[in-house]
Amino acid sequence: MDDIFPTVKLNIPLQNDFLPLLLSYIEKSALAFNFPDPEIQSLMLATEEVFSFLVFNAKSSDNLLFVLKNKGSSLELVVKFAPQTLPVKALNITAKVIGKNKLPLNDMGILIAARSVDNLSLKIDDDNKMIMTMIKKKSYHNIIIPKKYDISYGNSFYPIDIDLEKSQEFLSLIHDKYKESQIPDFLSMPDKFSDMINQGEFDGCFAQDENNNLAGALLWRLSGKMIFGFGFYTFCKPEIVAKVLWKGCISRTAMINPYCCFIRNPTKNTPEEYFQKIDNAAYAFMANDQENIPVFLAPPLVPFVQNFYQKLSISRQIYEKVINDKEFHNLSDDSAFAADMDRKNKKVTLSLIWLGKDALKNLKEQAETLLNEGFEKIYFKLQIENSPHAIMGEFLLKAGFKPNLIIPWTEQGDLLYFLYNP
């Protein structure tokens, strides 16, 4: 669990007497991380509900490990505990508390927790411990107001580290030169941008001319051996400035030794001599992949995945996975999916929390609910290096999801994205 983010940990017995200590830990730590009160209260509510639920279900000898991380624009609370029977249905965004779907009172805690934070996920680690992760995002209201700039640029350019003293100028320039659909939400709020850079959530570089005029920017974040890029943003001489930014990225990530840089929705200034564009995404390979990693797929997905790997010129060992009657019978009754919502661009990405027998029905209900809420693009990301997750491929195809693209080498392994297209 150790990483670059400021972190505080608390290991306590799972007993009601320790709840005040836990809530004080959350409150004092969040205040030390300079988080605003409304977000702290929401996280404390979610923590209290999860703790109370686990107290009701767990053995008195159980302990909980809480790890609170300051990720700049968000707080991440990781809870590690012995496996418990969780009300999986309550984790879904479509879960109801009325009518025939009414949950038992003792199960309501997880439902309240899921509604009190921005993201809640669940998994089992290699030590057979249950890991629950809750993320609460900081609210920002200071939307950038674009300004017109008339800059006379020089003829030579060089990369520099991101200079937050130039962030106001950068954010104004990007809103002046690019459409809103090409600008991530964190580039609409100066304070959020500063928090993310200061805490290491994102990195990047600027390009300057010999007169210290800001000429462009490339931003990125690391996930496994993959760099997720944002850009290229150029404000003059795009072909020259883009090459300067790419050289700046390579020199600043050399110690990380990434395999690839991936950009979703790249701008027209993304240099094609370094990046391969496939289906509105761009890949730049920074190292040779020597690992023949196994991936597990439902048989109907094999042709698409094989063809996509061929386009990327990387090798994988593909295994077909078909669920049999015994495996299906052994699944829990309920499935659950997490939802990462981008309301600004009307996009949402679903992912698997828990696989259950009702996965197909649940997927259809989730898609219908999200469409009714105004989302126009519904994605599903599937970890195809995880053998049990391969079963989800069949459910996704039957629910109207189509394979869309692959992002390799992330911290979750290779990810296969689907797009809802019934």
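How many helices and strands does the secondary structure of the chain come to? It comprises ten helices and 19 strands, where helices (H or I, at least four residues) and strands (E, at least two) are DSSP runs numbered from the N terminus. The structure is a predicted model, in which local features need pLDDT of at least 70 and side-chain atom pairs count only at pLDDT 80 or more, while totals for chains, interfaces and linings use all residues. Residues are numbered from 1 along each chain as its sequence is written, and side-chain values use heavy atoms, with hydrogens and water left out.

Of the 422 residues in the chain, 51% are buried; buried denotes under 20% relative accessible area, exposed over 50%, and partly exposed in between (1.4 Å probe, protein chains only). The accessible surface of the chain is about 20,000 Å², and carbon and sulfur atoms contribute 48% of it; such areas come from the Shrake-Rupley method with a 1.4 Å probe, and for residues only the protein chains shown count as cover. Among contacts (heavy atoms within 4.5 Å) with a separation of 6 or more, 67% join residues 24 or more positions apart.

The interior may be considered next. A nonpolar core is a set of buried Ala, Val, Leu, Ile, Met, Phe, Trp, Tyr and Cys residues joined through side-chain atoms within 4.5 Å. The largest such core has 51 residues, of which Tyr-283, Leu-363, Phe-380, Met-392 and Phe-401 touch the most other members. Leaving aside neighbours within four places in sequence, Phe-380 is in contact with residues including Phe-337, Leu-363, Met-392, Phe-401 and Phe-418. A second, separate core of 42 residues includes Ala-215, Ala-217, Phe-232 and Ala-242.

Thr-253 lies in helix 6 (residues 238–253) and counts as buried at 1% relative accessibility. Not counting residues up to four places away in sequence, Thr-253 touches Trp-220, Ile-227, Pro-258 and Met-286. In helix 7 (residues 302–312), the buried residues are Val-302, Val-305, Phe-308, Tyr-309 and Leu-312. Seen down the axis of helix 7, these buried residues fall within an arc of 135 degrees, so they line one face of the helix; the arc is that of the directions from the helix axis to the C-beta atoms. The buried residues of helix 7 pack against several strands, among them strand 12 (281–285), strand 14 and strand 19. Pro-303 and Gln-310, on the other side of helix 7, are exposed. Ser-313 follows helix 7 and has a positive phi, near 60 degrees.

Side chains of opposite charge can pair when their charged atoms come close. The structure holds nine salt bridges, each being a side-chain nitrogen of Lys or Arg within 4 Å of a carboxyl oxygen of Asp or Glu. Arg-316 lies in strand 14 (residues 316–320) and Asp-414 in strand 19 (residues 413–420), so the pair ties together parts that are 98 residues apart in sequence. Both partners are buried, Arg-316 at 10% relative accessibility and Asp-414 with a relative accessible area of 0%.

In another salt bridge, the closest N and O atoms of Asp-195 and Lys-138 are 3.1 Å apart. Because Asp-195 lies in helix 5 (residues 190–198) and Lys-138 in the loop between strand 5 (130–137) and strand 6 (157–161), this pair ties together parts that are 57 residues apart in sequence. Glu-76 and Lys-69 also form a salt bridge (3.6 Å, N to O), and Lys-69, Lys-71 and Glu-76 are linked in a network of salt bridges.
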